Amino acid sequence: MIKAILIFNNHGKPRLTRFYQYFAEDMQQQIIRETFHLVSKRDDNVCNFLEGGSLIGGSDYKLIYRHYATLYFVFCVDSSESELGILDLIQVFVETLDKCFENVCELDLIFHVDKVHYILQEVVMGGMVLETNMNEIVAQVEVQSRMEKSEGGLSAAPARAVSAVKNMNLPEIPRNINIGDINIKVPSLSPF
Amino acid sequence: MSDVVEKTLTALPSLLSLDSQPGAGKLSVTSKLGSLIRGITELTSKHEEEKLIKKELAAIKEHVSSPNTTLRQMKEIMVRAIYCEMLGFEASFCYIHAIKLAQQGSMFEKRVGYLAVSLFLREGHDLLLLLVNTVLKDLQSTNLIEVCMALTVVSQIFPKDMIPAVLPLVEDKLTHSKEIIRRKAVLALYKFYLMAPNQVQHIHDKFRRALCDKDPGVMTASLHIYLQMIKESPENYKELAGSFVVILKQVVSGKLPADFSYHSVPAPWLQMQLLRILALLGKEDQRTSEIMYEVLDESLRRAEINHNITYAILYECVKTVYTIHPKSELLEKAAKCIGKFVLSPKINLKYLGLKALTYVVQQDPNLALQHQMTIIECLDHPDPIIKRETLELLYRITNAQNVTVIVEKMLDFLRHSRDEYTVIGLVGKVAELAEKYAPDNSWFVQTMNAVFSLGGDAMQPDITNNFLRLLAEGFDNAEEDRQLRLLAVDSYLSLLGGEAASLPQPFLQIISWVLGEYSYLKVGQDPTDVLARLGALLERHDITTETRCWVLAAMGKLCTTDGALRRAREVAHQYSACLDTALRQQAMELELLGQDAPLRHRVLPHDASCEDLEVDSSLSFLDGFVSEALALGAAPYKPPHQRQEELSQHKALNFEPYGPSLPASLSACSLTDRQSPTAMSLSSGISGNSTEQMQKASSNTLKLDGVKKVWGKEGYLPQKEATEEAPPPVASSAPTPSCQQGGAEHTQLAVSSAGEEEQEKRQLAATLFVGLGSQNSLCLMGKPDAAPKRIWRRQRPDQEALDGGSRPPVSSVDDTLDGLFDDAVPDSALLYSLDGPSVPQSCLDGGGEAAGGSLDAGMEPALALSPGDAPGSLLPPALLALPRSDMEALCSDGTLSVCACKVYQRDALLLALFLSNACDLPLEELSCDVTSEEAKVTDGYTTAASISLLAGRGVAVVLHHLVMELPSSQAVVAVRVSYRPGAGAPTQQAVSLSLSLADFIRPLPVSTEEYGRLWLSFSNDVKQNLRLLADSEDPLAATLAALKDKLRLHIVDIIGAEGIVACQLVPGQPCLLHCHAHGGTLTAWLRSPLPTLPDCLLYHCQKAIEES
C-alpha cells in the first residue's frame, strides 16, 4: 500500500502532499522535511530507493523517488509494493501530468494543485493503485473537466492565464519537467 | 528558480485582469492565491513566511464567515486553504466550510469540497459525521462523477464505525454498469476489509464475482482484496490457485487488449500482483506449487525485453520461485535472473539483486559465492543504501568462521554513518552476531565496546540487557566466565582512565555495573581506585540522573576498604539532599550500606546477581503497618475495579445497551440492520483505538523476509552435485601459501589480469565467504548456520526470567504425566510413553548403544512407542478425557510422517504432534520445533524437544502448550521436524498449521453478579447485529447454544430476550458477550480488557452462526 505521496521542489518547498495514513499535522511537516533532507543529498547516479527512516514506519516502509528538473516525486510505500513497479507508476503519473497540462512545469503544480490532486485520485485511490494506463487516466480527468467547461467558462480562466504565461516563451526558464529517463522516451508512448 | 517564479507571477495579474471582465469577484481571489505564492517565494526566513500565512489565514477566515461569500468564491478560498495546510499551517476553521461546500455546491464546488475534506480531516474526525448524509446522497446520484467522488472520499477517510452506514450502497455499486464505478467500489470495500474484516464478511461471494468480472480492470482491483485475504489464511483459497494461474497465463501470452500494455508489456502491474498471490499460495505446498511451475517458467522466459518494468516482473517472479515448493529447473533459471540483476550496471537493478540475494541466500548460499566479487565491490559502493543492503546480505551469511571480518565491515560502516535510524538497526545486528559467533572472549569484549560506543544513547535497551545477562550468568565453564569478566573489567578501567571521549549513557551504565559487580576479580586492584574513577564520572555535567544512579549503586558494592568507604560517604552526603527522588534514594542506601558492613554483605553478596530473590508479593511484612493505620481510622484499600465501579454507580451513567427503537430520521438514511447508531456513537472513541491495533497487526503480517522454506528430499540436490564437481572459488583463492601454489592455475584462469587491488579483494572474499561452500549439503537441508563451537546465547532472556533457576529434567514417565496436569508447571515439550515401564526397555533394545550415547546431558527421556497403535489412542489417558480435535495429517516424506491433534485444556491449547517412523530403521537426532508469531508456545528455551532416537516403525508424541496473549483471529504455527535416517544426511520437514482463535477460547464460569462487575471494568467494546437462528421455538437459546457448541462459551444467564455469555482467551483474558434478541436479529455487544479481542471473537461468532 502507498502510505504517502510527496512532491517538492529542489528547495524543499512542498508542491503536493497526500497522506494515505494518518499523521498529525506537525508530523507531516517533519516527514516532508526529513524526506527532502534524505532525498536531496543523493546524487543522480545512486539508486532511487531509500528506507523510510524512523519517522515513517521504519524498515517496513520504503521511499521511492524520481527527480525531474526542479521537482522531486516521492512515494512512500510499504513492503507489499514492488520498487520498480512504483518507479514506473511515478513515470506514468508524470507523463499524465505532462499530457493534461501540455508540457507540465512547476508552475502548473503550484497554481493547479487541485487539478493535480484530481489526476492523482484517478491513479491512486486510498493508497491502492487504481489505474496505470495513462490514456484511461487522462480520459477520466477529461470527462470531469468537460463538465467544468459546461458548467461555466469562468473557472477555465486561470488555466488559460497560466498557459499564456507559458507561451511567452522565456528562454532561460527550465520550464518543462524533463521526462527523459534511462529507458523511457516520451515519444515512444504514442502507439497506445 | 525563485526568480523565474517571480517573473511569471509579476506577469500574472496583468494577464488575469485582461481576462477578467466577466468574473471580477472570483478573479480577485485567484490573484490572491497568486500574490500569496509570490509573497512566499520572496521571503527569506521561516519567520516571515509564518507571519504572511497567518495574515492570509486571517483574511480567509474573514471571508468564509461572511454571508456574502458565494459558493464559487468559497471554492477558490478552499484552494488557498489547502495551500496553507500543505505548508503546515492549520486552517481548522475551514473544515466545516469544506463539508458545507461538498454538501451544497454544484458538482464542481462539490469536487473541491470533497478534496478539501479528504485532505483536511483525518480518519475518524468528529466532523465526518456531518458528511455521512452527503455521501449517501451522492452514492445514490445518477451522476457518475458524483458517485466516483463519494466512493473516493469513502475509501480515504471513513472510519470503521461509519462503514455500516454506507456499506449497502457501496455493495450495490459492485453491479453498476460502468466499469470505473465497479472498480472504485471494489477498492472501497478492500479498504473496509482492512479496517473491519468482520463487517464485510458476508460479501465474500461478491468479491469472487468481482474476480470474475468481465472487465480486467475490476478483476485487477479485486486482486488487492484477495492478496490480503490469502496473506491471512492461504489454506482457504488453495482452490483459487488454478484460476490465478489461468489468468496469469492469459496475461503473459498477450490475451488482454492492447490498452492494458505498458511499453508493450501486457499489464505488468497485474502480473506482479498475480505472482505475489501465487507465492503465498504455493508456499510450503507442493501440490499447489506444481500447478504454477509452467506459467512461472513462461513468465521468466517472456520477460526478456530490456525495460525497467520487465525487471519488476522478473523480480517478483524470482521471489515467487524461491518461495514456493522448489523445482530445480526453475530455481536454476531464477538464479540466473538474480545474476542479471546483480551484475547489471544500473544501480536500481543492482540494489534489487542484492535484496533478492538476501532473500534466497539462506536457502542457497552458493548463489552468494557466485557473486562474491560483486558483493565485495558493493561494499565500497558510493551509495550508502547499496552498502547497507550488502551488509544486510553479509549478516545473513555470517558464520563462526567469517564473523570477525563481517563485523569489522559493519563497524566500519557504522563509524561513517550519521543516520541514527540506520545505526540503531545495524548495532543490534552486530551485537547479535557477536553473541552468537564470538571466536574468543577478548574479541567479544572489544566488539561490544565498539557497539556500545557507536550505538549512542538511542540504542535498543535489550542489547545492553542481554550483554549484562550474558556476563552475569556465564557459561558452564567457570574459568571462562572469570576470564570474560576480568577482560571486561580491564577494558573498562582503561576506558575510564582515558576519559577523553565522552561515552554514551548506556555504556557508562554498563561500565558502572560491571565494575561494581566484578572488579574484585582483578587481583591487586584497589577498590578505592575504582571508586575514584567512578566518582570522576559524577563530576561530569553531561551524564544523566539515571546514569548517576547506576554509579551510586556500583559504589555501594565497592566500599570494602576504608578509603573507598570514605569516598563513598562523601558522595552519599553530596547527593542525599538531591531533588531527584531516585537519586536521593540511592544516596541514602549508599550511606546506610557503607556504615553497616554485615548488612552490605547480606544485601549485595559477591557474584550473586543471578540468584533468585524471594519476593513477598502479598506484602505481608506491611500487615502491622496496615492494621495500625486502620486502627487510626484510615479507609481500607480498594482495588481499582471496585473503585471504578463505585465511581460509575455514583455518577449513575447508563452503560446498558438501549432498546431497538431508532430515531426515524437516522434509520431512514440506510443505517440498516447492521449496527445501531447508539453503538456507533458509543464505540467511536474506543474503536479508533482498536482499528489502530488491527492495522498494526496486519502490518506485522506483511513482512516477507526471513520466510522459512521447505526443502523436499529432491529439492535442490542436483545443484549441489554440480557445485561439488566444480569446487567453489573460495578454495582456490584462499590466502594460504600452499593453496596459492597448488591452485595457481585456477586463480590465473579466473583473473588473468588481477592487479594488487584485485588480489586484495579476492582475499577479502575468501575471508568473507569462508564456510559457505563447504557445508552445502547441510545448508541445503535448511540449516544454514553451522553450529558454533560454543553457543553464546544459550537461552532467550525473557524466558529465562520466567523459569528462574534451571528446570529439573523430567525424570520419569509418571512425573511427566503429573506435571502435565499440574497448572504450576509450564513444561510444555513433553515426551512420554504409553506402555509404562516396559517401554524404556524396548527403546534400549531397539536403539542399542546409539541411544545410550545420545541420551546424555540432561535430555528429556525420549521414548518410542510400539507400532500398530492408532495415533488417537496414543494420548495419555488423562488427556483422553478432555475434548480434542480430530487427528490431522500434517506432512510426510515417506520416512517420517507427522500428525497433529489439538487438545483443549482448561488453561491452554495442547498441541500433540505424533511423529511416526514409517521405516524399519531407527531415526536419529530427531527433534521437533514449534514456533508461532501469534501464539506463545510456552516452553523453556527453544521449543525443541530432543528425542534422540525413534525406533523403526515407532511413534513418538510431542506435546506443546500454546496460549494466545494478543488476540488475532488466527494463529499460524510453524512445525519443524528434523532427523537423520540411519547413516544418511540430516533431513528436515517443515509445515505450518493454522489455529483459529476459537481454539483458544474457553468458557469463563462466572455468576451473574460477577458478570455485572466485570462488565463495568472492561473498556474495549464492539457491537454488532448478528443473524438469529430462526428455525426453533426459542431462537435466542438456540443461537446461544450453537455458539456454546462451536466456541465453547459459557452461558451465564438468559433473561427474557437477553442473554449474557462469558468466555476467556487462554491464558485467562476474559471477554463478555451481551446478547439481545429482537426481530430476526441478535444484537451482540462484546467487552474485554484487550482491545482486539471483541473484534476477533465477533468475527468467529458470526462465522459460527453462518455455519449452523
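How many residues lie between β4(B) and β5(B) in their hairpin? The turn holds 3 residues, and Gly894(B) within it has a positive phi of about 90 degrees.

**The hairpin in chain B**

Strand β4 of chain B covers residues 888-892, and strand β5 of chain B covers residues 896-904. The two run antiparallel and are joined by 4 bridges. Cys891(B) has Val898(B) in β5(B) as its bridge partner.

**Confidence in chain A**

Chain A has an average pLDDT of 76. Of its residues, 72% score at least 70. Where pLDDT is low, the predicted coordinates should not be read in detail.

**The sheet in chain A**

Chain A contains an open sheet of 5 strands. Their order is β2-β1-β5-β4-β3, and the pairing is antiparallel. β2 (14-19) and β3 (49-51) of chain A stand at the edges. Each has a single partner strand, so one side of each is left without a neighbour in the sheet. From one strand to the next, the twist averages 20 degrees.

Strands β4 (residues 62-68) and β5 (residues 71-77) of chain A are antiparallel and share 7 bridges. Tyr68(A) sits opposite Leu71(A) in β5(A).

Two helices pack on this sheet. Helix α1 of chain A, residues 25-40, touches β1 (2-9), β2, β3, β4 and β5 of chain A. Its direction makes about 65 degrees with that of β1(A). Helix α4 of chain A, residues 113-123, touches β1 and β2 of chain A. The direction of this helix makes about 40 degrees with that of β2(A).

**Ala4(A) within the sheet**

Ala4(A) belongs to strand β1 of chain A. Is Ala4(A) buried or exposed? Ala4(A) has a relative accessible area of 1%, so it counts as buried. Beyond its neighbours within four places in sequence, Ala4(A) contacts Arg18(A), Phe19(A), Tyr20(A), Val74(A), Phe75(A) and Cys76(A). Phe19(A) is 15 residues away from Ala4(A) along the chain, yet their C-alpha atoms are separated by 4.3 Å.

| Helix | Residues | Length | First to last C-alpha | Expected at 1.5 Å a residue |
|---|---|---|---|---|
| α4(B) | 71-86 | 16 residues | 22 Å | 22 Å |
| α27(B) | 505-518 | 14 residues | 20 Å | 20 Å |

Both are mostly covered. In α4(B), 14 of the 16 residues are buried. In α27(B), the count is 14 of 14. Just after α4(B), Gly88(B) takes a positive phi of about 95 degrees.

**Cysteines**

How many disulfides are there over all chains? The count comes to 0. For Cys84(B), the nearest cysteine sulfur is that of Cys94(B), 8.3 Å away. Cys84(B) is in no disulfide. Its relative accessibility is 0%, so Cys84(B) counts as buried.

Cys1063(B) is in no disulfide either. The nearest cysteine sulfur belongs to Cys1071(B), at 4.9 Å.

Definitions and conventions
Residues numbered from 1 in each chain as written. Chains lettered and ligands numbered in written order. Predicted model: local features only at pLDDT ≥ 70, side-chain atom pairs only at ≥ 80, totals over all residues. Heavy atoms only, no water. pLDDT = per-residue confidence, 0-100. Disulfide = S-S within 2.5 Å. Buried < 20%, exposed > 50% of the residue type's maximum accessible area, 1.4 Å probe, protein only. Expected span 1.5 Å × (residues − 1). Pairing = 2+ DSSP bridges. Axes fitted to C-alpha atoms, helices over the stretch in contact; angles between N-to-C directions. Contact = heavy atoms within 4.5 Å.
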